[in-house]
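I set out to record what can be looked up in one protein model, from the whole chain down to single residues. The entries below are kept in the order in which I made them.

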Amino acid sequence: MSEAIDFLNLLFADTQDHFLIWTLPDGMSYWFTDPGNAATRVEALVAEKRDVYVGCGLSPRAMGSKNRCPAAEISGIVGVWADVDVADAVHTKKNLPPDDESALALINGMGLAPSVIVSSGHGFHAWWLFKEPWVFDGGEDREKAQSLVASWGYTLMSRAKEKGWTIDSAFDLARILRVPGTMNRMVASDIKPVTILSQSDARY
């Protein structure tokens, strides 16, 4: 559980808003304000052989066991993020970065050091965390945050395109990403761990 608690503390220790833990294949939502409680639940979900994800955006309240917070109601963000898949038999999309080294060079070439990089099993996701959570003061803040996250994502996509690669537009405020300390069960015959690859003190 140590990776899950480390990761969830890194993201959510300084906010009182709710955050989402979401699972496949059942599509269940679990809502928390305390990273320790969330990590305990994550450990149980891993034991139940679930794929476990975390919501990138904060929620003003618990939305129920079968709902995720829609982008239009996200109440804040803790940073910006990127999701980069690597060419692999499990991915149908063509022209992905050909190997781990290429994907990591793309992430690390953004000009700002990531706060944390997660190996998601068949690729990576990275976070550039803020010094403190950005809790929105109304819809104008939400629109500014969406613009910031999208600009960061489009910059990454543009740099990938220069190399002939395609990456997902993973920058909606309601995005979910895998939780370290869990397992990627996308392919039953090739289950892979989700792990923290690197972590730094970089904050923005």
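The entries that follow begin with the chain as a whole and then turn to individual residues.

**Entry 1. Overall form.** I note at the outset that this is a predicted model. I counted the secondary-structure elements and found 4 helices and 11 strands in the protein chain. I then looked up the extent of the C-alpha trace, which spans about 40 × 40 × 30 Å along its principal axes. I asked how the radius of gyration stands against that of a compact globule. For 204 residues the globule value would be near 17 Å, and the protein chain has 16 Å, so the two agree.

**Entry 2. Burial, contacts and surface.** I looked up the buried fraction: 50% of the 204 residues count as buried. For contacts between residues at least 6 apart in sequence, I found that 67% join residues at least 24 apart.

**Entry 3. L129.** Strand β7 also holds L129. With a relative accessible area of 1%, L129 falls under the 20% cut-off and is therefore buried. I looked up its contacts, leaving out residues up to four places away in sequence, and found L10, L11, V78, G79, S115, A202, R203 and Y204. I also recorded the separation between L129 and V116, which are 13 residues apart in sequence and 8.2 Å apart from C-alpha to C-alpha.

**Entry 4. L177.** I placed L177 in strand β8, residues 176-178. L177 is buried, because its relative accessible area is 3% and buried means under 20%. Beyond four places in sequence, L177 is in contact with V52, Y53, V54, C56, W81, D83, H125 and W127. One of these partners, V52, lies 125 residues from L177 along the chain, yet the two C-alpha atoms are separated by 8.4 Å.

**Entry 5. N184.** I looked for polar partners and found that the side chain of N184 makes a polar contact with the side chain of R178 at 3.3 Å.

**Entry 6. Backbone geometry in two loops.** I checked the peptide bond between L24 and P25 and found it to be cis, with omega about 15 degrees. P25 is found in the loop between β1 (19-24) and β2 (28-32). I next looked up K49, which is found in the loop between α2 (35-47) and β3 (51-55). Phi of K49 is near 65 degrees, a positive value in a residue other than glycine. K49 has a relative accessible area of 57%, which is over 50%, so K49 is exposed.

Key. Residues numbered from 1 in each chain as written. Predicted model: local features only at pLDDT ≥ 70, side-chain atom pairs only at ≥ 80, totals over all residues. Heavy atoms only, no water. Rg over C-alpha atoms; globule rule 2.2 N^0.38 Å. Buried < 20%, exposed > 50% of the residue type's maximum accessible area, 1.4 Å probe, protein only. Contact = heavy atoms within 4.5 Å. Polar contact = N/O pair within 3.5 Å; in protein donor to acceptor, adjacent residues only side chain to side chain.
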